[in-house]
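Welcome! Let's walk through this structure together, one question at a time.

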Amino acid sequence: MSKLKLATVWLDGCSGCHMSFLDMDERLLELAEVVDVVYSPIVDTKVFPDEVDITLVEGAVASVDDEKKIKKIREHSKMLVAMGDCAVTGNVPAMRNPIGPEAILNRAYIENVSAQPQIPCVVVPKLLRVVRPIHEFVKVDVFLPGCPPSADTFHTALTALVKSGPLDIPALTRFGA
Amino acid sequence: MSVETDVKTLVIDEQEVSARAGQTILEVARENDINIPTLCHLDGLSDVGACRLCLVEIKGNNKLLPACVTAVQEGMEISTSSERLQKHRRTILELLFAERNHVCSVCVSNGHCELQTLGQEQGLTHVRLPYRNPNLSVDASNERFTVDHNRCILCTRCVRVCAEIEGAHVWDVMGRGINSLIITDLHEKWGSSTSTCTKCGKCVQVCPTGALFDKSKMGSDHPKSPDFLPYLNLMREAQ
């Protein structure tokens with residue numbers, strides 16, 4: 001059997017989900033026997049591949065760049081997994097929603113800065129007015145809540161997804177877990 | 001002297017049960033180890049039927065009725081966990097999560113929250129509705145406790161415990177519908193409620209979420225203990 005192609009993506013999140021993924025430790029070797037990691041912040045591929053079997057997405061959609069990325073990722077992924085609370089609910093990145101991006105940017109780059117206060121506008125993507133979970137932009141196949149989902153949750157869920165076996169997510173994890 | 005008890009016989013989830021007249025469906029179900037999920041109900045307080053999580057189906061009635069405020073009747077046939085009810089319960093929970101800013105990961109009640117636990121029990125993995133992201137305040141003016149409206153589900157347990165048990169009636173509900181807000185006194189800062197609030201903390205203990213919390217608790221180390229209520233009521237009745 002040829003290996004499944006696995007991708008992991010990092011949008012607006014803290015990378016904690018990726019850390020927890022890596023916390024699978026020696027179980028990663030077991031996973032590597034059945035999947036190839038074809039795209040991820042932890043591998044060196046720069047362009048999202050054309051065909052991916054399973055894509056894990058960490059983080060909410062917070063900028064125009066995130067929005068573009070998630071749409072492209074969806075197009076090229078057979079199965080899309082919302083990994084962790086930011087992807088599933090918006091979570092901490094979405095806490096700026098009631099305040100709005102202008103006030104946040106002002107606070108960070110003008111009010112609290114003494115040398116050359118200015119709001120970055122070159123290279124960095126424009127922020128969306130509100131941060132949203134990924135399922136508000138694209139169809140999500142599997143929701144894996146948790147902040148972050150534990151290594152055991154990752155192991156159980158990925159094992160089930162790779163084998164197309166049964167998966168009872170509420171038995172494994174919850175919002176804020 | 002023997003007191004005659006009016007006994008009703010009914011069926012809950014295909015199980016024959018008997019009850020005393022005047023008991024609610026919820027009471028009788030729980031006596032018989034049939035779990036009906038609740039949020040606004042709390043043993044020891046009056047029931048208001050606000051959260052609608054305890055809705056049940058009754059044969060011959062096309063309306064769903066809240067088990068916490070519906071009295072049993074002879075011959076009732078009640079269903080507590082049909083697919084339809086489970087669907088409604090999940091939707092109610094999704095509405096609650098979408099209504100305000102319940103960010104479980106950074107909540108003092110993370111791991112001890114009734115809303116979070118119910119979400120998990122009812123199989124919620126995400127919220128299908130768009131989040132409203134309202135801009136709500138946090139009042140930390142009381143020297144011991146904080147009210148965070150972002151986490152409030154308007155169950156009114158705090159209002160009831162303060163009025164019915166403590167007898168202070170500091171809490172109440174202001175506004176209507178989506179604009180409802182629990183308030184202290186006549187919408188004054190909790191810290192300035194020196195003549196009415198006794199700082200007993202009962203409201204904090206009965207709050208099912210992180211909306212009311214004790215300032216001395218850090219991180220998510222904030223289990224609540226509302227089980228004092230039935231005991232307190234029992235002792236008062238005995239006096």
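Two strands (DSSP E runs of at least two residues, numbered from the N terminus, as are helices, which are H or I runs of at least four) pair if DSSP finds at least two bridges between them. This is a predicted model, where local features need pLDDT of at least 70, side-chain atom pairs count only at pLDDT 80 or more, and totals for chains, interfaces and linings use all residues. Residues are numbered from 1 along each chain as its sequence is written, while chains are lettered from A and ligands numbered from 1 in the order in which they are written.

Q: What is the order of the strands in the open sheet of chain A?
A: The open sheet has five strands with parallel pairing. Strand 2 (35-39) and strand 7 (142-144) of chain A each have a single partner strand, so they stand at the edges. The order is 2-1-3-5-7.

Q: Which residue stands opposite A:Ala82 in strand 7 of chain A?
A: Strand 5 (residues 77-83) of chain A pairs with strand 7 of chain A in the parallel sense, over three bridges. Opposite A:Ala82 stands A:Phe143.

Q: At about what angle does helix 6 of chain A run to strand 7 of chain A?
A: Helix 6 (residues 151-162) of chain A lies across strands 1, 2, 3, 5 and 7 of chain A. Angles run from 0 to 180 degrees between N-to-C directions, with axes fitted to C-alpha atoms, for helices over the stretch in contact (C-beta atoms, placed from the backbone, within 7 Å). The angle to strand 7 of chain A is about 170°.

Q: Which residue takes a positive phi in the hairpin of strand 3 and strand 4 of chain B?
A: Strand 3 (residues 55-58) and strand 4 (residues 61-66) of chain B run antiparallel and are joined by four bridges. Two residues lie between the strands of this hairpin. The one with a positive phi near 90° is B:Gly60.

Q: Which helix of chain A gives the most to the side that touches chain B?
A: The contact takes 21 residues from chain A and 19 residues from chain B. Two helices of chain A, helix 4 (85-89) and helix 7 (169-172), each supply at least two residues of that side of chain A. The one that gives the most, with three residues, is helix 4.

Note on methods: Contact = placed C-beta atoms within 7 Å.
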